[in-house]
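Hi,

Here is the structure I promised to pass on. Have a look, and my notes on what turned up in it follow below.

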Amino acid sequence: DWNSDSVIAEQVERIRAQVGDARVISALSGGVDSAVSTALVHKAIGDQLIAVFVDHGLLRKGEREQVEQDYVASTGVRLVTVDAADTFLGHLQGVTDPEEKRKIIGREFIRAFEKVQRELVAEAAAEGAPIKFLVQGTLYPDVVESGGGTGTANIKSHHNVGGLPEDLDFELIEPLRTLFKDEVRAIGRELGIPDAIVSRQPFPGPGLGIRIIGEVTRDRLEILREADAIAREELSNAGLDGEIWQCPVVLLADVRSVGVQGDGRTYGHPIVLRPVSSEDAMTADWTRLPYDVLAKISNRITNEVREINRVTLDVTSKPPATIEWE
Ligand code: XMP
C-alpha cells in the first residue's frame, strides 16, 4: 500500500545509486511534474543537480517569481534562469497560425535549453565533474500513452514545451515513472513544495502564446496577463479552484468592440473566460460558475485593464470545442 514517505526514500536511494558522483541537469517548467521530479533528485544528490528554467515570455503573472523565489526557497535547488523572452517574441512576430506558434515555441525552447546546457556541460567538465544525466518528469500515464497508445486523434500538436532534445548524450532519470498525478502531488507536498505549485491546474507549455488569438506581442501579453491574474484571483477567493479543471482566459486581439468606459466611448478588445470541468482533458464541460463570481471578474477586468471593455463566457463543451481556443 502506497505512501509518499516510502516512495521518496526508495527513489532517493535509487537516484543516488544511479548518479554516483556525476552531475545532473533538469528543466523546470513551472508545472507540477518537473517541480516534483527536480525536488526529488535534489533531495537525493543536492547540488550535483542544476535546474534550468527557460522564461519564454509567455508565462502568467507571478509564475517566474514563483519558481525563482518560492520554489527555490522551499527546496534549496540551484537554479539557472534563462531570459529568452526577446528571442521567442522575435520569432513569433507576425505569426497567427496556432500550430505554427506551437512549432516555433517548441523549437525555441529546445534551442534555449541546448545553449545553456552546453555552457553548463563545459563548466562542469572543466571542474572535473561531467554532467551525465537529465531529469524528466514522466508520469505513468505518459509511459502508457507513448507505449503504443490507443490511436486517439491528436488534434493539436501536444508536444509539451518541456519536450527536450532527443539526441542528447544524457542518461535519463525519471523518478515519477510509476506514479499518477495525485501521487506526484502528495510527494510534492511531502517535499515541502509550495501548494501554489503542487496544486497548480494544467497550463499549456506554449503558455499565453496560444491564448492570444492573433499575433503575440509584448503589449498584448501584458493585457492578457493582467486579465488572467484577476480571473484566477477571484476564482480562488470564491473557493472554486477545486471545482474547475482550468480556466483559460483568452484575448481576442484582432477583434475590437465598442464600449463606454469612464467619460467616453472606447474601442477595446473582448476577452473570453473559458472555465471547464474535466477528468482528463479529453472531454470537458463548461463550468456553471456562480453569476456573482462572473460579475466580479467582469467588473474588475473592465475597470482595471484599460484595453478590455467586454468580458464574454464560453459555454461550449469539448467536443465540439477544445479547451484552449488555439
Ligand atoms: P485542448 O485545447 O486540446 O487541451 O482541449 C487539452 C489540454 O491540453 C492542454 N494543452 C496543451 N498542453 N502543450 C501543452 O503542454 C500544448 O500545446 C497544449 N495545447 C493544449 C490544455 O491546456 C488542456 O489542459
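The protein splits into domain 1 (4-198) and domain 2 (211-313), with bounds that come from an automatic or database domain assignment. Bear in mind that this is a predicted model, where local features need pLDDT of at least 70 and side-chain atom pairs count only at pLDDT 80 or more, while totals for chains, interfaces and linings use all residues. Residues are numbered from 1 along each chain as its sequence is written.

The centres of the two domains, taken over C-alpha atoms, are 29 Å apart. Where they touch, 10 residues of domain 1 are in contact with eight residues of domain 2 (contact means C-beta atoms, placed from the backbone, within 7 Å). The domain 1 side of that contact has four nonpolar, three polar and three charged residues. Here Ala, Val, Leu, Ile, Met, Phe, Trp, Tyr, Cys and Pro count as nonpolar, Asp, Glu, Lys and Arg as charged, and the others, Gly among them, as polar.

Now the helices. Helices (H or I, at least four residues) and strands (E, at least two) are DSSP runs, numbered from the N terminus. Helix H1 (residues 4-19) packs on helix H2 (residues 32-45) at about 65 degrees, their axes 8 Å apart; axes are lines fitted to C-alpha atoms, for helices over the stretch in contact, and angles run from 0 to 180 degrees between N-to-C directions. H1 and H2 are therefore roughly perpendicular to each other (65 to 115 degrees; under 35 is roughly parallel, over 145 roughly antiparallel and the rest oblique). On the H1 side, the contact uses Ile 8, Gln 11, Val 12, Ile 15, Arg 16 and Val 19, and H2 brings Leu 40, Val 41, Lys 43, Ala 44 and Ile 45. That makes eight nonpolar, one polar and two charged residues.

Helix H9 (residues 218-237) and helix H10 (residues 291-304) cross at roughly 150 degrees, with axes that come within 9 Å, so H9 and H10 are roughly antiparallel. Among the residues that meet are Ala 227 and Ile 230 in H9 and Val 293 and Arg 300 in H10. This contact has six nonpolar, no polar and five charged residues.

Last, the strands, which pair if DSSP finds at least two bridges between them. Strand S7 (residues 249-252) runs parallel to strand S6 (residues 212-213), joined by two bridges, and Leu 251 in S7 is the bridge partner of Ile 212. S7 also pairs with strand S9 (residues 264-273), antiparallel and over three bridges; there Val 250 stands opposite Val 272.

Cheers

Methods. Two residues are in contact if their C-beta atoms, placed from the backbone, lie within 7 Å.
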